[in-house]
Amino acid sequence: MNRGDVVLVDWPFSDLTGSKLRPAIVVQADYLTGLIDDTIYVKVTGRRFGIPGTEVEIDPGSEPSSGLLKVSYASCKDLLTRDQTLVHHVLGVLSNTTMHLIDDSLKKVLELP
């Protein structure tokens, strides 16, 4: 897997009462692949929460290689680390332009310069 890949992963509910198979975006640096077993993901959701600076809209019309079927949102406030073997499969990949927007959102959420 590479940074920017859209994957299908079993995402646990925040209260740990269950989980849901959902798309997620690999946001971890590529050089870590193969060095560690885990990967860092941002949740993809179909619902917009509207919290400024925390989400990036992904429209499959302008991101046809994303593998997403409808307008979705990268929820940068929702991060998950999982073993790479738990990914069901890769759906697609995001453009560099969208990944830059996700990077900017992650910087805001994590208060990074």
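Modeller: Before we start, helices and strands here are DSSP runs, numbered from the N terminus, and the model is a predicted one.

Biologist: Okay, where does Val27 lie?

Modeller: Val27 lies in a loop, the one that runs between strand 2 (19-26) and strand 3 (38-45).

Biologist: Is Val27 buried or exposed there?

Modeller: Val27 counts as buried, because its relative accessibility is 12% and the cut-off for buried is under 20%.

Biologist: And what does Val27 touch, not counting residues up to four places away in sequence?

Modeller: With those neighbours set aside, Val27 touches Arg3, Ile40, Tyr41, Val42, Met99, Ile102 and Leu106. As for Leu79, which is 52 residues apart from Val27 along the chain, the two C-alpha atoms are separated by 9.2 Å.

Biologist: Which residues touch the most other members in the largest nonpolar core?

Modeller: That core has 14 residues, and the ones touching the most other members are Ile25, Val27, Ala74, Leu94 and Ile102. Two or more residues are given to this core by each of strand 3, strand 4 (55-58), strand 5 (72-83) and helix 1 (96-109), and helix 1 provides the largest share, with 3 residues.

Biologist: What about Ile102, which residues is it in contact with?

Modeller: Leaving aside neighbours within four places in sequence, Ile102 is in contact with Ile25, Val27, Val56, Ala74, Cys76 and Leu94.

Biologist: Then what sits over the ring of Phe49?

Modeller: The charged end of Lys77 does, at 5.0 Å from the centre of that ring.

Terms used
Residues numbered from 1 in each chain as written. Predicted model: local features only at pLDDT ≥ 70, side-chain atom pairs only at ≥ 80, totals over all residues. Heavy atoms only, no water. Helix = DSSP H or I, 4+ residues; strand = E, 2+ residues; numbered from the N terminus. Buried < 20%, exposed > 50% of the residue type's maximum accessible area, 1.4 Å probe, protein only. Contact = heavy atoms within 4.5 Å. Lys NZ or Arg CZ within 6 Å of the ring centre and 35° of its normal. Core = buried A, V, L, I, M, F, W, Y, C linked by side-chain atoms within 4.5 Å.
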